[in-house]
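Please take a slow walk through the structure shown here, with attention to how separate stretches of its chain are joined.

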Amino acid sequence: MVNWTLRRGIASTVTVVVVLLLGIIIWVASTTKGAPQASTFPTGLLAVMPQEGDQAPRQGLVGVSLSPGWQPTLTIDGVPIPDDQLSAGTRQLGEFFFSPGEGLAIVEMRTGQVCAHVVAVPLMDIEVDKIDYRWCWASF
């Protein structure tokens, strides 16, 4: 005959081990799921629009969001965008976006892969490297 005291002890131990393992699995999943992604942008560049590899409409906004104190120069598919046409964002917040249209540097993005290049320099005399970043997306 099997000793029921021994069997209950094993069952209790197995239950405790299973509960601990589930707790560890849940803890690991919750701490890694929402972990922030490491930024691949240079210092001062907060975001680009559209993002690298995105699909975006031909009339969509193209530009950058920068930390305060930077002045960008934007080129889209080799076409320099005049500073006064980077007006689709809030400059005081570091948003410099171009919206294609009639009478502007680009009337409409071409269909297919489109690439942009931003070079930004600090407005203040600080010792940081300029921002030099390229990215591409699919335009439809």
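The paragraphs below turn to the disulfide and then to the aromatic rings.

This is a predicted model, in which local features need pLDDT of at least 70 and side-chain atom pairs count only at pLDDT 80 or more, while totals for chains, interfaces and linings use all residues. Residues are numbered from 1 along each chain as its sequence is written, and side-chain values use heavy atoms, with hydrogens and water left out.

If a disulfide is taken as a pair of cysteine sulfur atoms within 2.5 Å, the count comes to one disulfide, and this bond joins Cys115 to Cys136 with an S to S distance of 1.9 Å. The two cysteines are 21 residues apart and belong to distant parts of the chain, Cys115 in strand E7 (residues 112-122) and Cys136 in strand E8 (residues 131-139); strands here are DSSP runs of at least two residues, and helices (H or I) runs of at least four, numbered from the N terminus. Because the torsion about the S-S bond is about 105 degrees, the disulfide is right-handed. With buried meaning under 20% relative accessible area, exposed over 50% and partly exposed in between (1.4 Å probe, protein chains only), Cys115 is partly exposed at 27%, whereas Cys136 is buried at 16%.

Rings of Phe, Tyr and Trp (its six-membered ring) pair if their centres lie within 6.5 Å, and their planes count as stacked under 30 degrees apart, edge-to-face over 60 and tilted for the rest. The whole structure holds three aromatic pairs. In one of them, Phe41 and Tyr133 have ring centres 5.3 Å apart and planes at 75 degrees, so the pair is edge-to-face.
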